[in-house]
Amino acid sequence: MSKQLLDVQGLSVTFTTHQGTARVLEKVSLSLQAGEILGLVGETGCGKSVLARSILRLIPQPPGRIHEGRIMFQEKNLLKLSARAMRSVRGRCISMIFQEPLSSLNPVFTIGNQMREMARLHLGLGREAANEHCAAMLARVRLPDARGLLRKYPHELSGGQRQRVMIAMELSCGPQLLLADEPTTALDVTVQGQILQIIKEQAAQRDMAVLLITHDMGVVAQTCDRVAVMYAGVVVETATVADLFARPEHPYTQGLIAAIPGRERIQQLLTIPGTVPDLVTPPPGCRYHPRCVLRVKNCNRIEPELSTIGAQHAVACHLSAGKPQENWRRP
Amino acid sequence: MLTLRILSRNPSAAAGGGILAVMVCMALLAGVLAPYEPVEINLSERLQGPGADHWFGTDEMGRDIFSRIMYGARISLRIGFFVVAIAGGLGALIGATAGYLGGWVDNLMMRVMDVIISFPSLVLAMALAAAMGPSLNNAILAVAFVMIPKFARMVRGEALAVREMPFVLASRVAGAGHAWIILRHILPNCLNSVIVLATLTLGDAILIAASLSFIGLGAQPPMPEWGAMISVGRKFLMDQWWYATFPGLFILFTVVGFNILGDALRDVLDPRIRR
């Protein structure tokens with residue numbers, strides 16, 4: 001196994017609210033190698049975006065607070081860097097693209113104006129060189145007429161074009177890690193495929209790691225090498241994509257996969273009963289147990305540890321500890 | 001450019017713009033068009049009524065009031081411009097910083113603004129101008145100072161909204177610092193409102209500056225400042241009505257011109273009232 005590019009260990013993040021302190025991330029650990037695409041899936045509000053923002057140290061503090069853990073990136077602990085050093089990591093080494101390509105570009109400046117800003121900030125290019133560089137970047141995300149595009153304003157572009165501009169912009173300084181926070185949710189399905197394809201291509205060409213946050217299992221299957229499933233601020237299962245879909249181990253993962261709308265289930269959409277728990281007072285023991293159809297008596301008392309059950313497959317569930325599971329189907 | 005086209009179709013904007021265009025022409029072309037020198041004393045023709053030789057009459061030194069008003073337009077417009085530039089610039093910067101950073105910076109800056117705003121603006125400007133000594137430049141500074149909170153408060157409100165926009169976060173992800181974000185992202189997105197408020201404030205600024213000159217704290221004689229002219233002309237109001245009336249009318253036109261242009265601009269530029 002090659003060296004880890006990003007290694008998050010035991011990261012806990014809390015947010016102070018009027019209701020009390022919400023434990024939004026609870027001892028989250030995950031790692032990424034160069035060139036790897038890791039999917040991070042989970043329901044809305046399970047802490048996916050908070051994790052990505054914590055990596056860049058961009059959660060608002062207060063109310064947020066990173067309690068414990070380390071975020072090792074290229075052997076440096078990002079949580080120990082000075083604000084200035086952190087600024088040079090952002091954009092240069094780690095980039096991020098967002099869900100809303102519509103508003104991630106400043107409406108009052110041209111595309112070129114905004115793209116040059118990055119190239120000049122981090123790469124120290126002159127005006128002409130920056131222009132050249134940006135046009136080349138736009139061409140790489142398959143946007144035709146890059147030169148003309150640089151002179152346009154964001155409102156003159158379609159959603160897909162804007163997201164491609166964002167990708168070109170974020171990749172323009174050659175980051176080793178791209179955090180993609182639901183990059184395709186706001187786009188229609190055909191454009192979605194193109195964007196994912198571009199992300200995949202760029203990751204392969206540049207040996208760049210991608211943390212792809214999504215709640216769409218279909219996107220994961222299409223794009224990722226490995227998957228981490230999060231539930232209520234806890235990583236409950238990590239596995240390779242093939243493994244996860246063939247042998248989902250955690251009841252929550254099984255539920256997620258069963259809930260993918262498919263052709264044979266067109267009549268009735270399956271859901272997981274119940275809702276995401278309140279993170280101010282999370283359920284004791286396994287955070288999933290109130291909704292779990294397979295719970296046993298230890299589930300509400302002991303918090304399961306993430307334990308390895310196979311090659312690159314780890315799961316946090318009492319049921320999986322030790323004994324191999326039958327291929328379980330939902331009733 | 002679209003803005004200009006919409007504006008030209010709006011009758012009140014056209015009227016306001018027209019008045020101001022006349023004022024600006026008067027100010028620029030005073031040297032060419034004015035029939036007399038503004039400070040040329042001619043004691044044989046003192047206090048003449050309006051007529052063919054002197055359209056608006058003459059003052060107690062025999063100076064032509066029409067010429068003095070034309071030169072006075074230069075002074076008034078300059079006052080307005082500098083006041084708005086200083087107050088708008090500083091106010092916008094303070095507001096954007098306070099709104100974007102929030103927390104104690106916001107609190108501190110806005111409480112200072114509240115202190116300034118809690119004085120009646122004319123009284124505060126008077127006190128400041130008197131403390132700094134009567135001169136036109138000091139009057140400009142004094143008026144600019146009392147105008148700062150207006151801009152700061154408005155821009156702060158806008159900045160609170162802009163800072164939540166995803167492109168601000170995107171810029172931080174790209175490694176931008178706070179100063180960069182304030183100058184590049186927050187301020188440009190507040191510019192529309194600043195332009196509207198600046199136009200509306202220009203009228204006020206000219207009025208307050210004229211008031212300061214009226215009580216002797218602004219422009220000093222023999223400067224042909226409108227407020228100062230009214231101040232002297234007041235003594236002759238009973239018998240020589242034209243002396244104070246014409247400068248007063250020009251102050252009125254200018255202020256009204258800026259106000260209706262500002263209102264029309266707001267209708268066009270302000271997204272909150274856009275239909």
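Which helix of chain A holds R206(A)? R206(A) sits in helix α7 (residues 189–206) of chain A. The model is predicted: local features need pLDDT of at least 70, side-chain atom pairs count only at pLDDT 80 or more, and totals for chains, interfaces and linings use all residues. Residues are numbered from 1 along each chain as its sequence is written, while chains are lettered from A and ligands numbered from 1 in the order in which they are written.

**View 1. R206(A) and its surroundings.**
Helices (H or I, at least four residues) and strands (E, at least two) are DSSP runs, numbered from the N terminus. R206(A) counts as partly exposed because it has 16 C-beta neighbours inside 10 Å. A residue is buried with 20 or more other C-beta atoms within 10 Å of its own, exposed with 12 or fewer, and partly exposed in between; C-beta atoms are placed from the backbone. The C-alpha atom of R206(A) is separated by 7.8 Å from that of G174(A), 32 residues apart along the chain.

**View 2. The sheet of 8 strands in chain A.**
The sheet is open and mixed, in the order β6-β7-β8-β3-β9-β10-β12-β11. Two strands pair if DSSP finds at least two bridges between them. β6 (94–97) and β11 (307–310) of chain A are at the edges with a single partner strand each, so one side of each has no neighbour in the sheet. From one strand to the next, the twist averages 20°. Strands β3 (residues 37–41) and β8 (residues 209–214) of chain A run parallel, joined by 5 bridges. L38(A) is opposite L211(A) in β8(A). Helix α6 (residues 159–171) of chain A lies across β6 and β7 (177–181) of chain A, at about 170° to β6(A). Axes are lines fitted to C-alpha atoms, for helices over the stretch in contact; angles run from 0 to 180 degrees between N-to-C directions.

**View 3. The sheet of 4 strands in chain A.**
This open sheet has antiparallel pairing and the order β2-β1-β4-β5. Its edge strands, β2 (20–33) and β5 (76–77) of chain A, each pair on one side only. Between β1 (residues 4–17) of chain A and β2(A) there are 10 bridges, in the antiparallel sense. F15(A) has A22(A) in β2(A) as its bridge partner. Helix α1 (residues 48–55) of chain A packs on the sheet and touches β1, β2 and β4 (64–73) of chain A. The direction of α1 makes about 70° with that of β2(A).

**View 4. Where chain B touches chain A.**
Contact means C-beta atoms, placed from the backbone, within 7 Å. Here 13 residues of chain B are in contact with 19 residues of chain A. On the chain B side, α7 (166–173) and α8 (178–214) give two or more residues. The largest share, 6 residues, comes from α7(B). By class, the chain B side has 8 nonpolar, 4 polar and 1 charged residues. Ala, Val, Leu, Ile, Met, Phe, Trp, Tyr, Cys and Pro count as nonpolar, Asp, Glu, Lys and Arg as charged, and the others, Gly among them, as polar.

**View 5. Helix α7(B) and its cover.**
7 of the 8 residues of α7(B) are buried, so the helix is largely enclosed by the rest of the structure. Among the buried residues are F167(B), L169(B) and R172(B). Their cover includes β6 of chain A, together with α6 and α8 of chain B. After α7(B) comes G175(B), with a positive phi near 95°.

Conventions
Contact = placed C-beta atoms within 7 Å.
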